[in-house]
Amino acid sequence: MRDIDASWLACFVDGEGSLMLVRDVRPRNQGGYHYSPVISASNTCLDLVEHCVELAGGYLVRVSRLPPKKTAYYWRLKGRAVARTLEAIYPYLIAKRQQADILLAVRRDMVNGCRPGRRSTRLTMKELHFRQTAYWIMKALNARGHSSTP
């Protein structure tokens, strides 16, 4: 990604987006959950949201709303592309830098904890605790009314 595109995407994510650690209920998993890093952003301007898809990949969701509200468009990025995109936009992030640090650490933990040849491997208690702690920290940072800047 070119620097100018990375800076544009960082500004859009800082202002209109969210960096999340999504927790899905998976009763068979150790701890009962699966954690996934996600980048998302929304706007009523389709061109802006489509530009996110062009720059980083992911997918777009259209949500029709009753008048007088405008149709909203959501961009969502999951999987390996999250780390690649965060590394590109990280130098330009301001408001969401703490969240980016946590998601990058979780992604490193996921890669380091991967056992070759096995898709589903039980986490160690240390790995499980790390992901659970990261989830709750992200939840607090993303709470409405929270300001990560002084």
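**A look inside**

Modeller: Of the 150 residues in the protein chain, 37% count as buried (under 20% relative accessible area with a 1.4 Å probe on protein chains only; over 50% is exposed, and in between is partly exposed). Keep in mind that this is a predicted model, where local features need pLDDT of at least 70 and side-chain atom pairs pLDDT 80 or more, while totals for chains, interfaces and linings use all residues. Numbering starts from 1 along each chain as its sequence is written, and side-chain values use heavy atoms, with hydrogens and water left out.

Now the parts list. The chain has 5 helices and 4 strands, taken as DSSP runs (H or I of at least four residues, E of at least two) and numbered from the N terminus. Reading from the N terminus, their order is α-β-β-α-β-β-α-α-α. Contacts here mean heavy atoms within 4.5 Å. Among contacts with a separation of 6 or more, 60% join residues 24 or more positions apart.

On to the core itself. The largest nonpolar core holds 33 residues (a core being buried Ala, Val, Leu, Ile, Met, Phe, Trp, Tyr and Cys joined through side-chain atoms within 4.5 Å). Leu9, Leu19, Leu21, Ile39, Trp75, Leu86 and Ile89 have the most contacts inside this core. At least two core residues come from each of helix H1 (3-16), strands S1 (17-25) and S2 (33-43), helix H2 (46-56), strand S4 (72-78), and helices H3 (80-89), H4 and H5 (125-141). The biggest share is from H4, which puts in 6 residues.

Setting aside residues up to four places away in sequence, Leu9 touches Met1, Cys52, Leu55, Ala56, Trp75, Thr85 and Ile89.

Leu9 also turns up where H1 meets two other helices. H1 packs against H2 at about 130°, with axes 11 Å apart (axes are lines fitted to C-alpha atoms, for helices over the stretch in contact, with angles of 0 to 180 degrees between N-to-C directions). That makes the pair oblique. On the H1 side, the contact uses Asp5, Trp8, Leu9 and Phe12, and on the H2 side Leu48, His51, Cys52, Leu55 and Ala56. H1 and H3 cross at roughly 105°, and their axes come within 8 Å. H1 and H3 are therefore roughly perpendicular (65 to 115 degrees; under 35 is roughly parallel, over 145 roughly antiparallel, the rest oblique). Here Ala6, Leu9, Ala10 and Val13 of H1 meet Thr85, Ala88 and Ile89 of H3.

Beyond its neighbours within four places in sequence, Gln99 contacts Leu19, Met138, Leu141 and Asn142. The C-alpha atoms of Gln99 and Lys139 are 9.7 Å apart, although 40 residues separate the two along the chain.

Finally, compare Arg80 in helix H3. Its 68% relative accessibility means that Arg80 counts as exposed. Arg80 and Val111 are 31 residues apart in sequence, and their C-alpha atoms are 9.8 Å apart in space.
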